[in-house]
Amino acid sequence: MYYQITPDDAEWSDFQTTEEMYKACQIDIEILKGMDTEELVKAVADYPLMVNIYAYDSMEQGMEAVGRHFDGINELLDRNDAINGICSYLEKISDRERAEKIGDDFGLKCDYCMTLIDYTYQKQNYISDSAAKRIMDVYKEIEVLRDDGVVSEGYVSFDYLRDLSIESYLNSGIKRAPIKDIIDTDISTNVKSVGTQTVYTPKGTKMTLTKYEFVSSSAAAYINKQMDATYPNAVRFAPASAHYNCHSYAWYSASAYNLCWMEPEQALLYIADGSYSAVTNFNNIVGVKAQYMDKNNRFIHSAIVSSQSSVDLSSLKQGIGIEVKSKWGMAGLYKHSAAYSPYDIGILLFYK
C-alpha cells in the first residue's frame with residue numbers, strides 16, 4: 001500500500017485545501033527511486049490525485065500540474081524504460097481475471113497509462129520499435145476484453161488507437177519519429193473536436209472557439225464519480241462535459257448550453273480590450289471573475305466568485321475566505337472553496 005489515506009477513507013473529507021491532500025499523498029523520493037519501473041507505474045496510476053489531470057486544458061498540462069506535487073511522475077520520466085514499464089503494467093492488469101477485479105476503474109487506469117505514454121514520449125522525443133509494438137498489442141488485448149463485455153470502456157476511446165500512426169511508423173522502418181507523429185491526445189484520448197464557433201467579447205473582440213465532445217458515453221459518469229470522491233467538500237452543479245471549460249464558463253457564458261472551449265490566451269482578451277477591469281474595492285466581490293495564476297505566474301484557471309466571508313486582500317488572493325463556482329476542465333461544474341480544487345494558487349486576481 002503506497003498511500004496511507006485515499007478518497008476511500010472517511011478521513012479524506014477532513015481536508016480543507018488541496019495542498020493538504022498533496023502533502024498527505026507524497027511518497028518519499030528514496031522509496032520511489034527504489035521501485036522498479038513497473039512498480040513505479042503502479043504507484044503513479046494509483047495516485048489519489050491523479051484524476052486532477054482531467055481538470056486542465058489538456059491531459060499533458062494536467063500531468064505537468066500533478067507532477068509539481070508528486071515526485072513519482074518525474075522519477076518515471078527520468079527512466080529510459082518508462083514506456084516499457086507502462087506497457088508491462090498495462091499487460092498485467094489486462095489479464096482477464098485482474099481486469100474483472102479492477103472493474104469500473106479499469107478504463108481509468110488505461111487512460112492514465114496512455115496519457116503517461118504520451119507525456120513520456122513528448123518529453124523524451126523517442127519511442128522504440130518494440131515499445132510502439134507493445135502499445136498496439138496491449139491495446140488490442142484491451143479491445144478484446146471490451147468486446148467480450150468483461151470490462152466497460154471507461155474513459156478510453158478505443159477508436160483512438162485507429163487514429164495513431166504507430167502501425168505506419170512500424171512499417172516505415174523509421175527509427176525516430178517527429179513529435180506528435182506517433183501519439184497526439186489533443187485534450188484527451190476520449191475527446192474529439194466537432195467544429196468551431198465565433199464569439200465576441202463585450203467590447204467586440206472576435207475569437208474562434210473550438211467545440212469538443214466525448215467519444216465514449218461512459219466518460220462523464222466515470223469522471224463525475226472520481227472527481228466527486230476526490231473532492232467531497234465541493235458541490236457539483238453540472239456533470240462532466242467536454243463542451244466547455246473554466247475559461248469559457250467564466251468569461252464567455254455561464255449557460256448550460258455553452259458549447260465552446262476557450263484557451264487562456266483567449267480569456268485574456270476580455271481583459272486586454274477593457275471588457276473587464278481589475279477590482280479595486282473588495283468589500284463585495286460576489287459575481288466577479290477570479291483568475292488563478294500559479295506559482296510560475298501562468299494563467300491556469302478561471303472562476304466566478306459565489307460567496308465571500310473575508311475582505312482581507314492578502315487572504316482573498318490566496319483563495320481564503322471566498323467560495324467560487326467553476327468548470328473543472330472536462331470534469332463537472334463545481335462550487336468550492338477557492339483553495340479546494342485541482343488548481344494551484346500562486347495568486348488570485350479579480351476582475352469585473
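How many residues does helix H8 (residues 105-124) have, and what distance does H8 reach from its first C-alpha to its last?

Modeller: This is a predicted model, in which local features need pLDDT of at least 70 and side-chain atom pairs count only at pLDDT 80 or more, while totals for chains, interfaces and linings use all residues. Residues are numbered from 1 along each chain as its sequence is written, and side-chain values use heavy atoms, with hydrogens and water left out.

Helix H8 has 20 residues and reaches 28 Å from its first C-alpha to its last, close to the 28 Å expected at 1.5 Å a residue, where the expected span is 1.5 Å times one less than the number of residues. Helices (H or I, at least four residues) and strands (E, at least two) are DSSP runs numbered from the N terminus. H8 is followed by Asn125, which has a positive phi near 55 degrees.

In the chain of 352 residues, 54% count as buried. Leu90, if residues up to four places away in sequence are not counted, touches Cys110, Cys113, Ile117, Val138, Tyr139 and Ile142, contact meaning heavy atoms within 4.5 Å.

Elsewhere in the chain, Leu209 in strand S2 (residues 206-214) is buried, with a relative accessible area of 0%. Beyond four places in sequence, its contacts include Val199, Tyr252, Trp261 and Met262. The C-alpha atoms of Leu209 and Glu263 are separated by 8.1 Å, although the two are 54 residues apart along the chain.

Strand S5 (residues 299-308) is largely enclosed by the rest of the structure, because seven of its 10 residues are buried. S5 runs antiparallel to strand S4 (residues 289-293), with five bridges joining the two; strands pair if DSSP finds at least two bridges between them. S5 also pairs in the antiparallel sense with strand S6 (residues 322-327), over four bridges. Within this arrangement Ile304 of S5 stands opposite Lys289 and also opposite Lys325 in S6.

The loop between strand S7 (333-337) and strand S8 (347-351) contains Asp344, which is buried at a relative accessible area of 11%. The side chains of Asp344 and His69 are joined by a polar contact of 2.7 Å, defined as a pair of N or O atoms within 3.5 Å, where within protein one must be able to donate a hydrogen and the other to accept it, and residues adjacent in sequence count only if both atoms are side-chain atoms. Among the residues in contact with Asp344, leaving aside neighbours within four places in sequence, are Tyr292 and Met293, as well as Ile300.

Note on methods. Buried means under 20% relative accessible area, exposed over 50%, partly exposed in between (1.4 Å probe, protein chains only).
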